[in-house]
Amino acid sequence: GPFLYVFNFHPSQSFTEYGIPLGEGKYRILLNTDNGMFGGFDRVDEELTYYTLPAGDPGSQHFLRLYLPSRTALVLQRL
């Protein structure tokens, strides 16, 4: 479907450039539990459009790279 749900349940470890294997595409954030209105710290930029990137050679697997703060859930929509 058009939605991607990403969770980091770890109590203290955040992940930078966490790679999720997907087809070529672009995504936007619909829900971010790190948003200040939910008591979070606003560490995720909700204004960006997130693009998948190839892992290496042209035609290789694409990955969506995200920053996943600890104790955070994201819902993204494919555009």
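## Exercises on side chains, pairs and a surface patch

T52 is buried, with a relative accessible area of 7%, where buried means under 20%, exposed over 50% and partly exposed in between (1.4 Å probe, protein chains only). The model is predicted, so that local features need pLDDT of at least 70 and side-chain atom pairs count only at pLDDT 80 or more, while totals for chains, interfaces and linings use all residues. Residues are numbered from 1 along each chain as its sequence is written, and side-chain values use heavy atoms, with hydrogens and water left out.

**Exercise 1. Locate T52 in its strand, and find which backbone atoms of G23 and G25 its side chain reaches.**

Step 1: T52 belongs to strand 4, which covers residues 50-54; strands (E, at least two residues) and helices (H or I, at least four) are DSSP runs numbered from the N terminus.

Step 2: A polar atom of the T52 side chain lies 3.5 Å from the backbone oxygen of G23, and a polar atom of this side chain lies 2.9 Å from the backbone nitrogen of G25. Such a polar contact is a pair of N or O atoms within 3.5 Å; within protein, one must be able to donate a hydrogen and the other to accept it, and residues adjacent in sequence count only if both atoms are side-chain atoms.

Step 3: Once residues up to four places away in sequence are set aside, T52 touches L22, G23, E24, G25, Y27, H62, F63 and L64, contact being taken as heavy atoms within 4.5 Å. T52, with its 7% relative accessible area, is therefore classed as buried.

**Exercise 2. Describe the surroundings of T72, and decide whether T72 is buried or exposed.**

Step 1: T72 is found in strand 6, which covers residues 72-78.

Step 2: Its side chain reaches the backbone oxygen of S70 at 3.1 Å.

Step 3: Apart from neighbours within four places in sequence, T72 is in contact with V6, F7, N8, N32, T33, D34 and R43. Because its relative accessibility is 5%, T72 counts as buried.

**Exercise 3. Determine how many salt bridges the structure holds, and describe how R43 and D34 take part.**

Step 1: A salt bridge requires a side-chain nitrogen of Lys or Arg within 4 Å of a carboxyl oxygen of Asp or Glu, and by this rule the count comes to 1.

Step 2: R43 pairs with D34, and the closest N and O atoms are 2.9 Å apart. Side chains of opposite charge can pair when their charged atoms come close.

Step 3: Of the two partners, D34 is buried at 3% relative accessible area, whereas R43 is partly exposed at 33%.

**Exercise 4. Classify the aromatic pair formed by F7 and F9, and say how open each ring's residue is.**

Step 1: Rings of Phe, Tyr and Trp (its six-membered ring) pair if their centres lie within 6.5 Å, and planes under 30 degrees apart count as stacked, over 60 as edge-to-face and the rest as tilted. A search of the whole structure finds 2 aromatic pairs, one of which joins F7 and F9 at 5.5 Å centre to centre with 10 degrees between the planes, so that this pair is classed as stacked.

Step 2: F7 is partly exposed at 47% relative accessible area, while F9, at 71%, counts as exposed.

Step 3: F9 lies in the loop between strand 1 and strand 2 (15-22). F9 and G23 are 14 residues apart in sequence and 25 Å apart in space, C-alpha to C-alpha.

**Exercise 5. Work out which residues make the nonpolar surface patch, and which element gives the most to it.**

Step 1: Patches are made of residues with over 30% relative accessible area and no salt bridge, like charges being joined within 9 Å and nonpolar side chains (Val, Leu, Ile, Met, Phe, Trp, Tyr) within 5 Å; accessible areas come from the Shrake-Rupley method with a 1.4 Å probe, and for residues only the protein chains shown count as cover.

Step 2: The patch, of about 930 Å², is made by F3, Y5, F7, F9, L30, L31, M37 and F38. Strand 1 and strand 3 (26-32) are the elements that give two or more residues to it, and strand 1 gives the most, with 3 residues.

Step 3: Taking Y5 as an example, this residue is placed in strand 1 (residues 3-8) and is exposed, with a relative accessible area of 52%. Leaving aside its neighbours within four places in sequence, Y5 is in contact with L74 and V75.
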